[in-house]
Amino acid sequence: MNVEIDHYKVLGLPSGEEGSKLTEKEISKAYKFKALELHPDKRPDDPNAQENFQKLKSSYEILKDEKARKLFDDLLRVKREQEARRSQQDSKRRKMVSDLEDRERAAFAPDPAAKARAEEERIVRKLKEEIERIKAMHSSKGGQAAAASESKRKEREASAKGGGVDLDKGKMLKVSWEKVGVGYTAERLREIFSRFGEVEDLVIKGSKKKCSALVVMATQEAAVAATRIVLGELSNPLLVLPVQAAQANDFPPPKQQAPEFDGITNLVGAGYKAYEDSVFEKLQKVGTMLL
């Protein structure tokens, strides 16, 4: 998340001292108004609609959180003070300040500019920590969000089938990883799988020990390519399996294929679970050896 963004302006609110005096009710009202304007359903022809709507939600989460908003207001205050100092310094004043700073440095006095930069860096660091805290707080509610997303996904599938459109399971991948160490967000998964082609859809589900996701690629070629290498962090690699294996005559077979992957399409039920756990264990052993 970019700390240079003015979250008040994203919501269409006044910034600076005037923005810091806004009530939570005024901020919530502005968000609802802006959300209606920027919702992707109202902008079907805008390729950046989803990204702009996500930025709006992120800015609202920061401004409605008391600690994060206070840090953001402090950051804006420091920047305003720095801008005011720069605008007031003419050539004579800059020379005077430069001479003063030289004398202060010679006397081992703290540099005001360095002190201001240090304060800005401290506030930026604290703001980033608060942003991570907000993200972690919302990820703990991921079960409910995932259930809602799954329900919407099923509705889309039912709607597609009702309209005579048959979903191509050859483009769908099941992705699993352990719920330890490095985690994966929807944005991170989309970034990883975008290397193989366009990602049409992505849904994450979570449990106490493991997390999984359903990734829909734009083409079967991209889905097949994504299953042939180890993906993600070595300390917590991704297990990528096709929902439905491609037909043998659809794509040329790989030059080398590990024996343990033979017959993967015949694994179902408990056998599929045991195979998945076995592959996870081997990938984690390789990651430990490389580290």
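**View 1. Helices H4 and H5 cross at roughly 95 degrees.** In this predicted model, H4 covers residues 49-64 and H5 covers residues 66-88. Their axes come within 5 Å. The two helices are therefore roughly perpendicular to each other. On the H4 side, the contact is made by Ile-62, Leu-63 and Lys-64. H5 contributes Glu-66, Ala-68, Arg-69 and Phe-72. By class, this contact has 4 nonpolar and 3 charged residues, with no polar ones.

**View 2. Helices H3 and H4 pack at an angle of about 175 degrees.** H3 spans residues 24-38, and its axis lies 10 Å from that of H4. Angles over 145 degrees count as roughly antiparallel, so H3 and H4 are roughly antiparallel to each other.

**View 3. Ala-49 is a buried residue of helix H4.** Its relative accessible area is 3%. Buried means under 20%, so Ala-49 qualifies. Leaving aside neighbours within four places in sequence, Ala-49 is in contact with Leu-38, Pro-40 and Arg-43. The C-alpha atoms of Ala-49 and Leu-38 are separated by 6.8 Å. Along the chain, these two residues are 11 residues apart.

**View 4. Helix H7 packs its buried residues against H4 and H5.** H7 runs over residues 112-139 and has 28 residues. From first C-alpha to last, H7 reaches 40 Å, close to the 40 Å expected at 1.5 Å a residue. Buried in H7 are Ala-116, Glu-120, Ile-123, Val-124, Leu-127, Glu-130, Ile-131 and Ile-134. An α-helix has 3.6 residues a turn, so residues three or four places apart point the same way. Glu-120 and Glu-130 are among the buried residues of H7.

View 5. H6 covers residues 91-106 and has 16 residues. The helix reaches 22 Å from its first C-alpha to its last. That span is close to the 22 Å expected at 1.5 Å a residue.

**View 6. Lys-171 sits in the loop between helix H8 and strand S1.** H8 covers 142-162 and S1 covers 172-178. At 16% relative accessibility, Lys-171 counts as buried. The cut-off for buried is under 20% relative accessible area. A polar atom of the Lys-171 side chain lies 3.5 Å from the backbone oxygen of Ala-218. Leaving aside neighbours within four places in sequence, Lys-171 is in contact with Val-215, Val-216, Met-217, Ala-218, Thr-219 and Gln-220, and also with Glu-200 and Ala-223.

**View 7. The whole chain holds 11 helices and 5 strands.** The chain has 291 residues, of which buried residues make up 32%. Among contacts with a separation of 6 or more, 69% come from residues 24 or more positions apart.

Notes. Residues are numbered from 1 along each chain as its sequence is written. This is a predicted model: local features need pLDDT of at least 70, side-chain atom pairs count only at pLDDT 80 or more; totals for chains, interfaces and linings use all residues. Side-chain values use heavy atoms; hydrogens and water are left out. Axes are lines fitted to C-alpha atoms, for helices over the stretch in contact, and angles run from 0 to 180 degrees between N-to-C directions. Helices (H or I, at least four residues) and strands (E, at least two) are DSSP runs, numbered from the N terminus. Angles under 35 degrees count as roughly parallel, over 145 as roughly antiparallel, 65 to 115 as roughly perpendicular and the rest as oblique. Contact means heavy atoms within 4.5 Å. Ala, Val, Leu, Ile, Met, Phe, Trp, Tyr, Cys and Pro count as nonpolar, Asp, Glu, Lys and Arg as charged, and the others, Gly among them, as polar. The expected span of a helix is 1.5 Å times one less than its number of residues. Buried means under 20% relative accessible area, exposed over 50%, partly exposed in between (1.4 Å probe, protein chains only). A polar contact is a pair of N or O atoms within 3.5 Å; within protein, one must be able to donate a hydrogen and the other to accept it, and residues adjacent in sequence count only if both atoms are side-chain atoms.
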